[in-house]
Amino acid sequence: MGKKIGAAYETWDHTVQCGDHEVPVRLFASGNGADDRILLFFHGGGWVTGNIDSYNKICCQMAEATGHLVVSVDYRLAPEHRFPQGLEDCYAVAREVCLDASLFGVSARRITLIGDSAGGNLAAAVSLMARDRGEFLPARQILIYPATWNDHTPASPFRSVTENGTDYLLTSRRICDYMELYRGSAADLQNPYFAPLLAEDFTGLPETLVVTAQYDPLRDEGEEYAARLAEAGGDVVCRRMPDALHGFLALPPQFAQVGRIYEWINAFLREREERV
């Protein structure tokens, strides 16, 4: 269904050192886009599945739809590499891209973190970690149906977990299974870098766009994260995609929901990048 998306990207052969290993990244550039704005992308997949190759089409489409360079991060996956190893990979890449303008000739103020699902969780956690460590701070973050909480059992405080947790593609049981594979210990469940809604302080974080899906068990926790940022005085936009399931970003580009999310993303980016 839909037109074929060709390999309209080039591989950036630079890798980022993180401890004793290197993190591969891939650059996607559209033919008619700008070369002075970057979306640093963390893919979804429950911290367990997905990789830089499986997200090629999404990243190619993202570059075409936004006119930005998209830099996709191939972070390590659980259960072989549990929390916080994949997060540290994402942080290492964000740190290098934001602090070393010579890599792309792009200033940190023109760099936006973006991720879907588990990638949205990682983007939010990288922003929290960057603020806390004080080494750099991304200008913006776009969190697409992010996981932000630590409990997706029937005891969850969020209604969407029970309302949408069984019949709409992503189940609450599957989220629990992914988190069980991702966490390194029981203590991780109380770590705000694991579940960003646990943060005690929501000030000093990037300008944020949160997009949720109507029939997604993660819907309410994503919207609650946006509310916490707004209550702390942050520049936040929160949009709910009607009639959408978790993962709709991966639909072919002619689907209305895909067109609409890129309208929201482009409006958010345009309004804030014009201030730079």
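View 1. A pocket is an open set of points on a 1 Å grid over the protein atoms alone, with protein on both sides within 12 Å along at least five of seven lines, and its lining residues have an atom within 4 Å of a point. A volume is the space filled by probe spheres set on the points, with grid points joined across faces, edges and corners. In this predicted model, local features need pLDDT of at least 70 and side-chain atom pairs count only at pLDDT 80 or more, whereas totals for chains, interfaces and linings use all residues. Residues are numbered from 1 along each chain as its sequence is written, and side-chain values use heavy atoms, with hydrogens and water left out. The largest pocket holds about 400 Å³ of space. It is lined by 23 residues, of which Gly 44, Gly 45, Gly 46, Ser 117 and His 246 are the closest to its centre. Helix H5 (residues 172-182) contributes three residues, the largest share of this lining; helices (H or I, at least four residues) and strands (E, at least two) are DSSP runs, numbered from the N terminus.

**View 2. The open sheet.** Eight strands, in the order E1-E2-E4-E3-E5-E6-E7-E8, form an open sheet with mixed pairing, where two strands pair if DSSP finds at least two bridges between them. Strand E1 (15-18) and strand E8 (236-245) are the edge strands, each pairing on one side only.

View 3. Strand E5 (residues 111-116) runs parallel to strand E6 (residues 140-144) and is joined to it by five bridges, with Gln 141 of E6 as the bridge partner of Leu 113. E6 and E7 also run parallel and are joined by five bridges; here Leu 143 has Val 210 of E7 as its bridge partner. Seven bridges join E7 to E8, again in parallel, and Thr 208 is partnered by Val 236 in E8. Strand E7 (residues 207-215) is largely enclosed by the rest of the structure, because seven of its nine residues are buried, that is, under 20% relative accessible area with a 1.4 Å probe and protein chains only.

**View 4. Helix H3.** Helix H3 (residues 118-133) has 16 residues and reaches 22 Å from its first C-alpha to its last, close to the 22 Å expected at 1.5 Å a residue, the expected span being 1.5 Å times one less than the number of residues. This helix is mostly covered, with 13 of its 16 residues buried. After H3 comes Gly 134, whose phi is positive, near 75 degrees.

Note on methods
Buried < 20%, exposed > 50% of the residue type's maximum accessible area, 1.4 Å probe, protein only. 1 Å grid on protein atoms, 1.4 Å probe; cavity = no way out; pocket = protein on both sides within 12 Å on 5 of 7 lines; lining within 4 Å.
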